[in-house]
Amino acid sequence: MSEADEPVGADDSLPEDVEAVRRALVEWYEADHREFPWRRTEDPYEILVSEVMSQQTQLSRVVAAWEAFLERWPTTADLAAADRADVVGFWSDHSLGYNNRAKYLHEAAGQIEDEFGGEFPREPDELSELMGVGPYTANAVASFAFNNGDAVVDTNVKRVLYRAFDVPDDDDAFERVAADLMPEGESRVWNNAIMELGGVACEKTPECDGAACPWREWCHAYETGDFTAPDVPTQPAFEGSRRQFRGRIVRTLGEHDELALDELGPRIRVDYAPEGEYGREWLQGLLSDLADDGIVRTSESDGEVVVRLR
Ligand code: SF4
């Protein structure tokens, strides 16, 4: 079997049903996400400006600067024709970090005009020829402007992959799993979605339930309760073991069609005893949280409570 024919789930780190993992993330992202104005444009120049500005500045502060910059220099031709001192002055006035970035952006606008006839190239390799545009930024512009990029692997994405799929802390492994996971030809939505996951759910202190993370049912960290990551060397503060037990319930139900309460209980805690401290009442408390989140469904069958994933 050639490499191209291998099943998409061939990578050991990924769950068998990679399609379900992909769908869950894209649906979660499309249902709700932070609104940044550059997410509404496909103009490569506007996207490049947002990427360069975000390298050193908090996203919330970038919005106003980005809007003002584009109002003043709406196209690469306008920026290329500007006086460099004005561009650098703008950068300082808006506290956007190293002034070199302003110089490079100005230079890159000139390259677009002079070397590329005013049209941005669409390939990451060609985009990297622009002044100050490294592989990460080139890929981001190719993805968000042209839907033509590779999987983004930044610190946030590494943290997500490490926790969710137990990917070893190794750059090649992250690259490989990230590439396997990205749906072919969908870099725009995919890179936005996985970066959003790292930005609002799988932050250093994760918000698995609070942000309704779509990967809870597959997530290794959610199951084991170990939320350390390459950039989070010690266990972050979180709500504690209830989350860990909820994770275990979701995993266990993923392996069975349905289970009665007393079949499920001992799989979650070895000391489960129906009438004990960790018994039915305790288990039903966890299940009702998961039902509120739309993850599990309980019903009655022959007088017994049975539980299944939704
Ligand atoms: S379940 Fe939690 S730890 Fe796992 S990917 Fe989602 S937010 Fe991250």
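Reader: Which residues does Gln 111 touch, not counting residues up to four places away in sequence?

Author: Phe 116, Glu 129, Leu 130 and Met 131, where contact means heavy atoms within 4.5 Å. This is a predicted model, with local features needing pLDDT of at least 70, side-chain atom pairs counting only at pLDDT 80 or more, and totals for chains, interfaces and linings using all residues. Residues are numbered from 1 along each chain as its sequence is written, and side-chain values use heavy atoms, with hydrogens and water left out.

Reader: Is Gln 111 buried or exposed?

Author: Gln 111 is buried, because its relative accessibility is 12%; the cut-offs are under 20% relative accessible area for buried and over 50% for exposed, with partly exposed in between (1.4 Å probe, protein chains only).

Reader: OK, switching to H5. Which residues are buried there?

Author: Val 87, Val 88, Phe 90 and Trp 91, in a helix spanning residues 84-93. Helices here are DSSP runs of H or I, at least four residues, and strands are runs of E, at least two, numbered from the N terminus. Those buried residues line one face, since they fall within an arc of 155° seen down the axis of H5; the arc is that of the directions from the helix axis to the C-beta atoms.

Reader: And what do the buried residues of H5 pack against?

Author: Helix H2 (44-54), helix H3 (59-72), helix H4 (76-81) and H6.

Reader: What sits on the face turned away from the buried side?

Author: The exposed residues Ala 85 and Asp 93.
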